[in-house]
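Here's a short tour of a structure with two chains that meet. Keep the sequence and the picture open while you read.

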Amino acid sequence: MILSCTSTVDFDQLENIEFDQSFTASFIFLNLTQNQFLNADNSAEVATLTDVSIIDIFNSEYVQENLVQADFNFDVENTFNRNFDVEFSFLNEDDSITESFTFNVPNNGKLNHLQRFDGLGLLSLKRSRKLRITIYLQPSSDLSILDKDVQMNLNLKSSTNFIFKIN
Amino acid sequence: MLLFLCFMMSQSYAQNKKFIFGNNDIPQSLMVNPGAEANYRKHIGIPLFSGIYVNVGSNNLTITDVLAKDGIDINDKLRNQLFRMKATDFVTVNEQLDIINIGYKLHNDRDYLNFGFYQEFDFVAYYPKELTILFYQGNTDENGNINLNNTTNFNELNFKGQAFGVFHAGISRKINNKLNVGIRAKLYSGIFNVQSVNNKGNFKSVLGENNVYQHELNNIDFLIQSSGLIKNDEFALSGKSIFSNMFLGGNLGLGVDAGFTYNLNDKLKISASLLDVGFISYSKDISSYKVSGNYELEGVGLIIPENDPIPYWEDLRVDFDEQVERKEVSKTYFSFPSAKFNASVHYGFGKQIRKYTSIIDCHTNNGFSQYNYQNELGVQLYSIFRPKLPQTAATVYYSRRISNFLQTKVTYTLDSYSFSNIGIGFAARIRKFSLYASVDNVLGYKDLYDSKKMSLSLGMNLIFD
């Protein structure tokens, strides 16, 4: 009775609803000084710094099912007179690498790096439970070591952009 | 389900009983104006059928807007509607069922005492636009750039739904030939309630200091309250709980209606009423949830070198829990029925028709003095006080007595959304049996899916002159 007096509407269209959510959020940040690359008595350099943290972001049904693209955007500012290599390794529960990437930061310079995951790379990334960040201080050309009294900074800021497709 | 959706998408001003208001032939006019004139000795409503009223709708969206079979991609239509609608747009449902309604004139011949019991369900929800858009497209623009300094306000989240039984007793007194005043006391008995009406705070992202962005939850104060719906984390609404709560089961409240009718002369009269000024105190099966606090997040600051792995993300969670308090509340709370205001001017003209009467009371000369003009023109104003804004409608009507037992009425209602709302109704009287029925927005029935409003009322009473 209701249908007989109503216009042509099509409820099947509801099946075709889809939309993209694009969320941008701050990610990690760090600020390292010359002292963190020197040993206790400042007699030698510590060439590698590592940090491992547990990340929960992929451990949700919503992310697993709907995430279609993940961007990681890095802004790095380096006032060291040295180059750095920064390596990001995503690890699964068994500490095996799922995805990793490295970028080089020039001495006394700035760097913007975008790392995008989609397709197979994203599938692999979604299995990650930990993030390991390793910072490699490149040796100086004249083999001199850092001076604890000369202020230098490696400043890293980052954000993520996740795109979810809902349908 | 389709019917329900249909209802949800139609426009409405809940409880705008413009057919009944000012219509002295219908005893239920006393329910919308306790100061209405009752020109009969007594009335007995047919139990459960004396007053049935349903009004459902949305003010600014129809099903056709989104689901028309027009070849346009539904996602384009959905997007357009989500951005077009305003945060003051709403959907509403109101239903009333008179269970018992009785009245009789006291021996002083001035006072008409009337009382009874009815059940009501009332729901209104506003469109939380900013939250919906945040969910729909995220926190970036079309180019993927973050919307900085753009606030998402939580006060847009605003809804109220409740069902209750109402025991009421009113008196309509004829002060003199011109003035009739009335008052009604109400004892509310809350069946269930769920509401979230006074939320505060916002979410926004700004440029950060230590990291690219800082995300902020500012002055969050969110509260959702419910009673009679959840008990020990389980859905608790049942036939038994509805029945026991409806009849003074524990959620009690008080309210008052007041109104008057004033005859400027035998052709012109004005009337006005204020209804449901009161409260209900909900104390049974309370399940409420409160979120409050402030939070700022710049991301995870890594501390290197550190020998032991630091649970950064877990620390964030703990910090969030400390800053933003989330707790269950089981306190008794108040909810307010939506108060309504009615006012009208009626003008009678044309032939005078003596009202149908079976008894002519020689003592009061009642039977002879009861007459009506064949035609009546009127203007009515209606307002219902909703959580965000009062919803107001103005109606012009023409009413005609076709005979002394049949009266018809046509209404034309104007509001800020619709200029084509025509309603029709009739009241018939066959000896002691009185029947009335009305539908609003009749043009909308041609195409319910394209209609914003759907409203009908009907009732049967026995009237003793």
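What share of the contacts in chain B with a separation of 6 or more comes from residues 24 or more positions apart? Those residues account for 70% of such contacts, where two residues are in contact if their C-beta atoms, placed from the backbone, lie within 7 Å.

Before going on, a word on the ground rules. This is a predicted model, so local features need pLDDT of at least 70 and side-chain atom pairs count only at pLDDT 80 or more, while totals for chains, interfaces and linings use all residues. Residues are numbered from 1 along each chain as its sequence is written, and chains are lettered from A and ligands numbered from 1 in the order in which they are written.

**Chain B**

Chain B holds eight helices and 24 strands; helices (H or I, at least four residues) and strands (E, at least two) are DSSP runs, numbered from the N terminus. Of its 465 residues, 38% are buried, meaning that 20 or more other C-beta atoms, placed from the backbone, lie within 10 Å of the residue's own.

Chain B has a mean pLDDT of 86, with 90% of its residues at 70 or more. Two stretches have a pLDDT below 50, as the table shows.

| Stretch of chain B | pLDDT | Contacts beyond near neighbours in sequence |
|---|---|---|
| residues 1-15 | below 50 | 53 contacts |
| residues 356-369 | below 50 | 14 contacts |

The model as a whole scores ipTM 0.89 and pTM 0.84.

**Where the chains meet**

On chain B, 45 residues are in contact with 38 residues of chain A. Several elements of chain B each supply at least two residues to this side, including α4 (74-84), β9 (213-227) and β15. By type, the chain B side divides into 25 nonpolar residues (Ala, Val, Leu, Ile, Met, Phe, Trp, Tyr, Cys and Pro), 14 polar ones (the others, Gly among them) and six charged ones (Asp, Glu, Lys and Arg).

Now look at the open sheet of five strands, in the order β6(A)-β3(A)-β8(A)-β1(A)-β15(B), with mixed pairing. Two strands pair if DSSP finds at least two bridges between them. β6 (109-117) of chain A and β15 (300-301) of chain B stand at the edges with a single partner strand each, so one side of each has no neighbour in the sheet.

Definitions and conventions:
A residue is buried if 20 or more other C-beta atoms lie within 10 Å of its own, exposed if 12 or fewer, and partly exposed in between; C-beta atoms are placed from the backbone. pLDDT is the predictor's confidence in each residue, from 0 to 100.
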